[in-house]
Amino acid sequence: WWHAERGNDVLQFASQDLQGDTELVLQAAVRNITVLTFAPVKLLGNKEFMLRVARSCFFYKVFHGDRHEFFSRGRFSDRYDPAWNHRGFEHLLMEQLQGFQGAFDLLRHFLQYASRDLQDDRDFIQRAADIAKHFATTDSWHDELDLVLKAVRLDGLLLEFAPQKWQNHQGVVLEAVRQNGFALQFASEDLKADKLIVHHAYQQNRDSLEFASAELRRTSKRQPCEIL
C-alpha cells in the first residue's frame with residue numbers, strides 16, 4: 001500500500017490479485033495515471049470504477065498538482081490526436097471543455113487508458129467530460145474551501161484525497177457524508193466522534209456506523225435514539 005500511495009509503478013511487479021484490487025489501483029492511479037498500463041482489462045473496462053478514477057484524479061490534481069496548469073485556458077483546436085479516438089469523440093470533448101486547455105489535456109490523457117469498449121461508449125465519454133468540466137468551471141478556483149465542497153458534493157469519497165485540514169472541517173465532512181455515508185472513514189478521529197456527522201452518515205448508509213468512534217458505536221447500542 002505504501003508504494004501505491006507513492007504513485008510509482010508498483011502494479012507492474014504486483015501479483016495478478018493485487019493488480020485487480022480496485023482500491024490499490026485507485027490509490028496508485030491517482031498519483032500516477034500511467035500505472036493503469038498494468039491494470040487488468042476488467043478494471044479498465046469497468047465504467048463506474050473508471051469514472052471514480054477520473055473524479056479522484058481531477059480532484060487530486062487540483063489539490064496536490066499544479067493548479068495553475070489545470071485551470072489554464074487557451075485554444076486547443078489544433079491539438080486533435082486520433083490515437084484513441086476511433087469514434088470521433090474528441091470533438092465532443094473540445095465542445096464540452098472549450099477554452100479549458102488544462103482540463104482537456106488531463107482528460108484526454110486519462111481516456112487513453114480506458115478499455116476500447118469504454119472509448120466506444122458515448123455515455124462514458126460524456127460523463128468523464130462532465131467530471132472535468134465540474135472541476136474546471138469553478139468560479140473561485142483559488143478558494144480551497146469552495147473547491148473541496150464542490151468535490152465532496154459530487155462524490156463524498158473524494159474526502160479521502162482532501163488535505164488533512166479539510167478532513168477535520170465539520171462543514172466539509174458533513175457534506176461528504178451526506179453524499180456518501182462511507183466518507184466517514186476518511187474523517188478525522190475527532191469528527192468520527194461527532195454525533196452530528198455520524199448521524200448524517202448513518203442516515204445516508206447505515207453500514208457507515210462501523211467507521212464511527214468506538215465510544216459512539218457503544219452509545220448507539222445502548223441509546224440508539226441519542227445518535228441515530
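**Overall make-up and packing**

Analyst: The chain has 18 helices and 0 strands; helices are DSSP runs of H or I with at least four residues, strands are runs of E with at least two, and both are numbered from the N terminus. The model is predicted, with local features requiring pLDDT of at least 70 and side-chain atom pairs pLDDT 80 or more, whereas totals for chains, interfaces and linings use all residues. Residues are numbered from 1 along each chain as its sequence is written, and side-chain values use heavy atoms, without hydrogens or water.

User: What percentage of the residues of the chain count as buried?

Analyst: A residue is buried under 20% relative accessible area, exposed over 50% and partly exposed in between, using a 1.4 Å probe and protein chains only. Of the 228 residues of the chain, the buried share is 49%.

User: What share of the contacts with a separation of 6 or more is due to residues 24 or more positions apart?

Analyst: A contact means heavy atoms within 4.5 Å. Among contacts in the chain with a separation of 6 or more, residues 24 or more positions apart account for 56%.

User: Is Leu107 buried or exposed?

Analyst: Leu107 is in helix α9, a helix that is mostly covered, with 8 of its 11 residues buried. Because its relative accessibility is 0%, Leu107 counts as buried.

User: How far apart are the C-alpha atoms of Gln96 and Ala129?

Analyst: Gln96 lies in helix α8 (residues 90-96) and counts as buried because its relative accessibility is 18%. Leaving aside neighbours within four places in sequence, Gln96 is in contact with Gln126, Ala129, Asp130 and Lys133. Gln96 and Ala129 are 33 residues apart in sequence, and their C-alpha separation is 6.7 Å.

User: Why does Gln126 count as partly exposed?

Analyst: Gln126 lies in helix α11. Apart from neighbours within four places in sequence, Gln126 is in contact with Leu92 and Gln96, and the C-alpha atoms of Gln126 and Gln96, 30 residues apart along the chain, are separated by 8.6 Å. Gln126 is partly exposed because its relative accessibility is 24%.

User: How many aromatic pairs does the structure hold, and which helices hold Phe59 and Phe135?

Analyst: Rings of Phe, Tyr and Trp (its six-membered ring) pair if their centres lie within 6.5 Å; planes under 30 degrees apart are stacked, over 60 edge-to-face and the rest tilted. The structure holds 3 such pairs. Phe59 and Phe135 form a tilted one, 6.4 Å centre to centre with 45° between the planes. This pair links distant parts of the chain, 76 residues apart, with Phe59 in helix α6 (residues 47-64) and Phe135 in helix α11 (residues 122-136).

User: Where are Phe182 and Phe211, and what is the relative accessible area of Phe182?

Analyst: Their pair links parts of the chain 29 residues apart: Phe182 is in the loop between α14 (170-179) and α15 (189-192), and Phe211 in the loop between α16 and α17. Phe182 is partly exposed because its relative accessible area is 27%.

User: Which helices do the buried residues of α14 pack against?

Analyst: The buried residues of α14 are Val172, Val173, Leu174, Glu175, Ala176 and Val177. These buried residues pack against α12 (144-154), α13 (164-167), α15 and α16.
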